[in-house]
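User: I would like to go through the labels used for this model. For each one, set the value against its cut-off and conclude.

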Amino acid sequence: MGIREFPGGTPRGKGIATGMRRSPDVSPRRLSDISPQLRQLKYLVVDEAIKEDLKWSRSVEDLSGGPAGLTSIEERILRITGYYGYQPWAASYKREERPRDGPGPTEAPAGAEAGRANRGSCRCSGPRLRKLSWGLAVVLCVCASWAGSTQLAKLTFRTFDAPFTLTWFATTWNCLFFPLYYAGHFCKAADRQSVKQRYRECCRFFGDNGLTLKVFFTKAAPFGVLWTLTNYLYLHAIKKINTTDVSVLFCCNKAFVFLLSWIVLRDRFMGVRIVAAILAIAGIVMMTYADGFHSHSVIGIALVVGSASMSALYKVLFKLLLGSAKFGEAALFLSILGVFNVLFITCIPVILYFTKVEYWSSFDDIPWGNLCGFSVLLLTFNIVLNFGIAVTYPTLMSFGIVLSVPVNAVVDHYTSKIVFNGVRVIAIIIIGLGFLLLLLPEEWDVWLVKLLTRLKVRKKEEAAEGSGDLGSGPWNKSRRARPSLAH
């Protein structure tokens with residue numbers, strides 16, 4: 001609780017006798033309706049955890065400070081209720097008349113509490129700094145793995161033109177998620193469980209009956225299809241357009257997630273996110289216009305937008321049907337997607353091979369190094385994106401996806417014939433700005449108002465201290481020391 005009853009207080013009658021002071025010329029009707037509640041204020045104390053918020057809000061003052069705090073509350077109630085005859089200057093004058101011989105019994109503990117609070121803030125800065133350091137490492141890892149996998153896929157298609165086969169091969173590596181998770185659990189957990197026990201515990205994510213055949217086809221298979229479509233459309237788009245356009249257009253999936261969540265999940269409406277969605281759509285149109293609406297680029301942009309839409313649908317349906325998952329449950333779910341890919345998607349690359357839609361002359365011509373490198377980078381990207389929240393903030397991880405855009409732009413500038421005209425640059429900036437706006441938390445406006453209020457209060461305090469120092473300067477001292485000429 002934020003406010004609790006103080007156990008060792010003085011008797012109530014005595015506290016009110018010394019705590020409440022009647023200011024002059026106050027109407028007899030002043031607090032007759034709420035006097036019992038005011039008598040309890042003497043025995044209340046505010047926790048240190050929320051005292052700073054109360055102080056900055058300037059709505060209440062320290063209630064553990066004795067009569068001054070009670071009188072401040074009395075003044076504010078009278079000012080709000082508008083009782084006649086209230087004179088705030090009289091009450092403040094009475095407070096200033098109190099003797100200031102030295103720190104009283106209520107002020108010395110306040111200094112000690114302030115010291116403890118400062119030490120606590122110093123102690124809290126260590127974990128925050130550690131979390132930010134991990135966040136920087138996660139951002140770099142997300143950026144490197146996502147940009148590296150995109151560039152390696154582009155390089156692979158020069159000798160191996162089979163985007164669906166590459167999608168199937170990389171998705172098969174999802175089977176390693178749960179074994180890698182259990183290896184980490186076995187090394188770090190205090191109460192180690194066997195593989196069977198851990199598997200059964202994670203299967204509770206699908207319901208009381210665990211992972212049954214019905215659950216597999218109703219809750220896992222649709223997500224396997226969406227996963228395959230997302231990766232296939234993304235890789236197929238890399239064949240059509242440059243990697244810079246592909247990476248920046250895929251950032252629009254954040255806007256699609258917000259729109260689907262607002263429609264399907266009835267999430268909170270936020271005007272700034274609507275603006276971000278509009279910016280994303282405008283960026284898509286400008287990116288299409290940048291190449292002059294050629295059929296080749298239009299098809300590539302449509303494929304990327306389709307991939308971003310499938311990714312957004314995957315995330316929204318996961319939240320709608322399955323909710324939130326723990327680390328072990330997420331690892332098991334992703335491994336199940338890999339198993340689904342092996343069992344039910346393997347036939348499609350075979351069909352594409354014999355129909356010569358995706359054909360290669362011999363298996364020796366397959367660039368296995370590029371395929372394995374792409375799969376490892378994509379697996380690393382998904383591991384960091386799904387489990388990086390354990391060591392840092394989720395917002396920092398999303399920055400890695402945005403930072404991959406300039407990395408791909410630099411690589412494309414030296415390895416391809418991309419032309420960064422004004423329209424393309426403006427489209428990249430607009431989509432990136434929309435993505436950053438979508439990273440704002442829901443209470444961003446409240447935090448902004450608090451920040452502006454703190455800055456305004458600090459500015460007023462500095463101005464007051466400056467005027468106080470000016471008033472106690474040598475000029476005023478000489479004026480006070482000047483002798484009077486009147487006798």
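Analyst: Start with accessibility: buried means under 20% relative accessible area, exposed over 50%, and partly exposed in between, with a 1.4 Å probe and protein chains only. The model is predicted, so local features need pLDDT of at least 70 and side-chain atom pairs count only at pLDDT 80 or more, while totals for chains, interfaces and linings use all residues. Residues are numbered from 1 along each chain as its sequence is written, and side-chain values use heavy atoms, leaving out hydrogens and water.

User: Why does Glu201 count as partly exposed?

Analyst: Its relative accessibility is 31%. That value falls between the 20% and 50% limits, so Glu201 is partly exposed.

User: What makes Glu201 and Arg198 a salt bridge?

Analyst: The term needs a side-chain nitrogen of Lys or Arg within 4 Å of a carboxyl oxygen of Asp or Glu. The closest N and O atoms of Glu201 and Arg198 are 3.3 Å apart, so the pair qualifies. Both residues lie in helix H9 (residues 195-203), three residues apart, about one turn of the helix. Helices here are DSSP runs (H or I, at least four residues), numbered from the N terminus. Arg198 is buried, because its relative accessibility is 15%.

User: How many salt bridges does the whole structure hold?

Analyst: The search finds three. Another one joins Lys239 and Asp161, with the closest N and O atoms 2.7 Å apart. Lys239 is in helix H10 (residues 213-240) and Asp161 in the loop between helix H6 (108-156) and helix H7 (163-172), so the bridge ties together parts 78 residues apart in sequence. Lys239 is partly exposed at 30%, and Asp161 is partly exposed at 42%.

User: What makes Arg424 and Asp245 a salt bridge, and which helices hold them?

Analyst: Their closest N and O atoms are 3.1 Å apart. Arg424 lies in helix H19 (residues 422-438) and Asp245 in helix H11 (residues 243-250), so the pair ties together parts 179 residues apart in sequence. Arg424 is buried at 2% relative accessibility. Asp245 is buried too, with a relative accessible area of 2%.

User: Why is Ser398 called buried, and what does it touch?

Analyst: Ser398 has 11% relative accessibility, so it counts as buried. Its place is in helix H18 (residues 394-415). Not counting residues up to four places away in sequence, Ser398 touches Lys254, Phe435 and Leu439. Contact means heavy atoms within 4.5 Å.

User: Why are H7 and H16 called roughly antiparallel?

Analyst: Their axes come within 9 Å and cross at roughly 155°. Angles under 35 degrees count as roughly parallel, over 145 as roughly antiparallel, 65 to 115 as roughly perpendicular and the rest as oblique. H7 and H16 are therefore roughly antiparallel. The contact is made by Phe164, Thr165 and Trp168 of H7 and Ile348, Pro349 and Leu352 of H16. Axes are lines fitted to C-alpha atoms, for helices over the stretch in contact, with angles from 0 to 180 degrees between N-to-C directions.

User: What makes H12 oblique to H13?

Analyst: Helix H12 (residues 253-264) and helix H13 (residues 271-290) pack at about 130°, with axes 9 Å apart. That angle makes H12 oblique to H13.

Terms used: Helix = DSSP H or I, 4+ residues; strand = E, 2+ residues; numbered from the N terminus.
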